[in-house]
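I opened a notebook page for this model and set down what I looked up, entry by entry.

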Amino acid sequence: TWAVAGCSAGASSLAVCLTHPIDVIKTRLQVLSTTEGGARVTASYIARTIAAEQGAMGFAAGLTPRLLTIVPGNALVWLSYEAIKKVLLA
């Protein structure tokens, strides 16, 4: 029970931390359509811009709210799944 919640929280935390930099780039791609010069914005351009302007920490922008949203939800999903499975298989 608590082990399930802890394991799911740990796994989802790791997944969020590994995928968050890509999510930051994706979000900026959705917001920006062109650069100041009118050139098309690419993922590599955004990644280089973030790295140059903010360093590695720029890719972690918004990580805490994402963790606080996703991790408890995943823990609840797995706790619910295990509880329902236990009832149905009893």
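I took contact to mean heavy atoms within 4.5 Å. I counted helices as DSSP runs of H or I with at least four residues, numbered from the N terminus as strands are (E, at least two residues).

Ground rules. I noted that this is a predicted model, in which local features need pLDDT of at least 70 and side-chain atom pairs count only at pLDDT 80 or more, while totals for chains, interfaces and linings use all residues. Residues are numbered from 1 along each chain as its sequence is written, and side-chain values use heavy atoms, with hydrogens and water left out.

Entry on helix 1 and helix 3. I looked up which residues meet here, and from helix 1 I listed Val-4, Ala-5, Ser-8, Ala-9, Ser-12, Ser-13, Val-16, Cys-17, Thr-19, His-20 and Asp-23. Their partners in helix 3 are Leu-63, Arg-66, Leu-67, Ile-70, Val-71, Asn-74, Ala-75, Trp-78, Leu-79 and Glu-82. By class I recorded 12 nonpolar, 6 polar and 3 charged residues in this contact, where Ala, Val, Leu, Ile, Met, Phe, Trp, Tyr, Cys and Pro count as nonpolar, Asp, Glu, Lys and Arg as charged, and the others, Gly among them, as polar. The axes of the two helices come within 8 Å and cross at roughly 145°; an axis is a line fitted to C-alpha atoms, for helices over the stretch in contact, and the angle runs from 0 to 180 degrees between N-to-C directions. I noted the crossing of helix 1 and helix 3 as right-handed, a term for the near helix being turned clockwise from the far one by less than a right angle, with left-handed for anticlockwise.

Entry on helix 1 and helix 2. Helix 1 spans residues 2–31 and helix 2 spans residues 43–54, and I recorded a packing angle of about 110° with the axes 9 Å apart. The two are therefore roughly perpendicular, the word I use for 65 to 115 degrees. On the helix 1 side the contact is made by Val-24, Ile-25, Arg-28 and Leu-29, and on the helix 2 side by Ala-43, Ile-46, Ala-47, Ile-50 and Gln-54. These residues divide into 7 nonpolar, 1 polar and 1 charged. Helix 1 passes helix 2 in a right-handed crossing.

Entry on the bend. I found that helix 1 bends by about 45° at His-20, with a proline, Pro-21, following within four residues; the bend is the angle between axes fitted to the seven residues ending there and the seven starting there.

Entry on burial. Which residues of helix 1 are buried (under 20% relative accessible area, with exposed over 50% and partly exposed in between, for a 1.4 Å probe and protein chains only)? I listed Ala-5, Ser-8, Ala-9, Ser-12, Val-16, His-20, Val-24 and Ile-25, and what covers them includes helix 2 and helix 3.

Entry on single residues. Ser-12 is buried at 7% relative accessible area and, leaving aside residues up to four places away in sequence, touches Val-71 and Asn-74. Ser-8 counts as buried at 9% and, with the exclusion of residues up to four places away, touches Asn-74, Ala-75 and Trp-78. Trp-2, also of helix 1, counts as exposed at 74%. Tyr-45 in helix 2 counts as partly exposed at 29%, and its C-alpha atom is separated by 9.7 Å from that of Leu-29.

Definitions and conventions. Parallel < 35°, antiparallel > 145°, perpendicular 65-115°, else oblique.
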